[in-house]
Amino acid sequence: LLEAHLGEARRYLRAAGLKVRATSLDGRASETLLAHAEESQPWLLAVGRFGIDALESKPALGNVTERLVRTAGVNLLVAGSSMRPDALRTAVTAAA
């Protein structure tokens with residue numbers, strides 16, 4: 001399921017002419033993401049507001065996202081919980 005989401009996001013971004021690299025990681029989320037960001041120094045790290053298992057009505061950031069916001073040393077994009085292809089196309093068009 002997660003690989004399918006990554007693949008879909010990758011296709012939309014590349015179709016808009018953007019260079020993108022999506023990576024799947026194993027391990028404890030915040031530590032693994034922070035180590036990966038430090039090692040790879042991406043221009044932008046995109047994460048969800050909270051994890052896939054959180055309730056949709058949860059108003060705040062999830063624990064992992066909050067830790068990334070506070071400590072990641074790279075540009076961080078925090079997105080809503082659901083990916084809607086039309087909204088993604090609009091955002092990519094506005095950014096291009």
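This is a predicted model: local features need pLDDT of at least 70, side-chain atom pairs count only at pLDDT 80 or more; totals for chains, interfaces and linings use all residues.
Side-chain values rest on heavy atoms, with hydrogens and water left out.

Helix α2 spans residues 29-40; helices (H or I, at least four residues) and strands (E, at least two) are DSSP runs, numbered from the N terminus. The twelve residues of α2 reach 16 Å from the first C-alpha to the last, close to the 16 Å expected at 1.5 Å a residue, where the expected span is 1.5 Å times one less than the number of residues. Ser-30, Thr-32, Leu-34 and Ala-37 are the buried residues of α2. Buried denotes under 20% relative accessible area, exposed over 50%, and partly exposed the range in between (1.4 Å probe, protein chains only). These buried residues of α2 pack against β1 and α3 (63-71). Ser-30 counts as buried because its relative accessibility is 10%. With residues up to four places away in sequence not counted, Ser-30 touches Val-64, Arg-67 and Leu-68, contact being defined as heavy atoms within 4.5 Å.

The loop between α2 and β1 contains Gln-41, which comes just after the helix and takes a positive phi of about 45°. Such a value occurs here in a residue other than glycine. Gln-41 is classed as partly exposed because its relative accessibility is 48%. Trp-43 also belongs to the loop between α2 and β1 and, at 69% relative accessibility, counts as exposed. Together with Leu-44 and Leu-77, Trp-43 forms a nonpolar surface patch with about 350 Å² of accessible area. Patches comprise residues with over 30% relative accessible area and no salt bridge; like charges are joined within 9 Å and nonpolar side chains (Val, Leu, Ile, Met, Phe, Trp, Tyr) within 5 Å. A salt bridge is a side-chain nitrogen of Lys or Arg within 4 Å of a carboxyl oxygen of Asp or Glu. Accessible areas come from the Shrake-Rupley method with a 1.4 Å probe; for residues, only the protein chains shown count as cover.

Strand β1 covers residues 45-48 and includes Leu-45. Leu-45 is buried, with a relative accessible area of 11%. Leaving aside neighbours within four places in sequence, Leu-45 is in contact with Ala-37, Val-74, Asn-75, Leu-76 and Leu-77. Of these residues, Ala-37 is one of the buried residues of α2, and Leu-77 belongs to the nonpolar patch. Leu-45 and Ala-22 are 23 residues apart in sequence and 9.6 Å apart in space, C-alpha to C-alpha.

Terms used. Residues are numbered from 1 along each chain as its sequence is written.
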